[in-house]
Amino acid sequence: MINNSLKLAQYKLAQHRVQGTKSKMNIHEVAKLMDAIKTAEQAKSVQQNSIFHSFSMN
């Protein structure tokens, strides 16, 4: 789910960059997409850095 929202937000931002001044997005929509990307990347890093990841039964 995180990957899908991340890819969608990245795609929309890429389209916004391509369209430039002809884009229909306003600054608030762009900021919301950038926040979604940042949040998704942080969530992915938290999952990778879990305290239980390096647990061993030795």
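Here are some notes on this predicted model, going from the overall fold to a few individual residues.

1. Overall make-up. The chain has 2 helices and 0 strands. Helix 1 covers 2-19 and helix 2 covers 27-48. If you're counting buried positions, 14% of the 58 residues fall in that class. The accessible surface of the chain is about 5300 Å², and carbon and sulfur atoms account for 58% of that.

2. The core. Have a look at the largest nonpolar core, which is built from 7 residues: Leu6, Ala9, Leu13, Val30, Leu33, Ile37 and Ala40. Helix 1 and helix 2 are the elements that each put two or more residues into this core. Helix 2 gives the largest share, with 4 residues.

3. Leu33. This is one of the core residues. Once you set aside neighbours within four places in sequence, Leu33 has contacts with Ala9, Lys12, Leu13 and Met25. Ala9 and Leu13 also belong to the core.

4. Lys12. You'll find Lys12 in helix 1. Its relative accessibility is 37%, so Lys12 counts as partly exposed, since that class lies between the 20% and 50% cut-offs. Not counting residues up to four places away in sequence, Lys12 touches Met25 and Leu33. Lys12 and Met25 sit 13 residues apart in sequence, and their C-alpha atoms are 9.5 Å apart in space.

5. Ser23. This one is in the loop between helix 1 and helix 2. Is Ser23 buried or exposed? Its relative accessible area is 15%, so Ser23 counts as buried, because the cut-off for that class is under 20%. The Ser23 side chain also reaches the backbone nitrogen of Met25, at 3.2 Å.

How values were computed. Residues numbered from 1 in each chain as written. Predicted model: local features only at pLDDT ≥ 70, side-chain atom pairs only at ≥ 80, totals over all residues. Heavy atoms only, no water. Core = buried A, V, L, I, M, F, W, Y, C linked by side-chain atoms within 4.5 Å. Buried < 20%, exposed > 50% of the residue type's maximum accessible area, 1.4 Å probe, protein only. Contact = heavy atoms within 4.5 Å. Areas by Shrake-Rupley, 256 points an atom, 1.4 Å probe, with all protein chains shown as cover. Polar contact = N/O pair within 3.5 Å; in protein donor to acceptor, adjacent residues only side chain to side chain.
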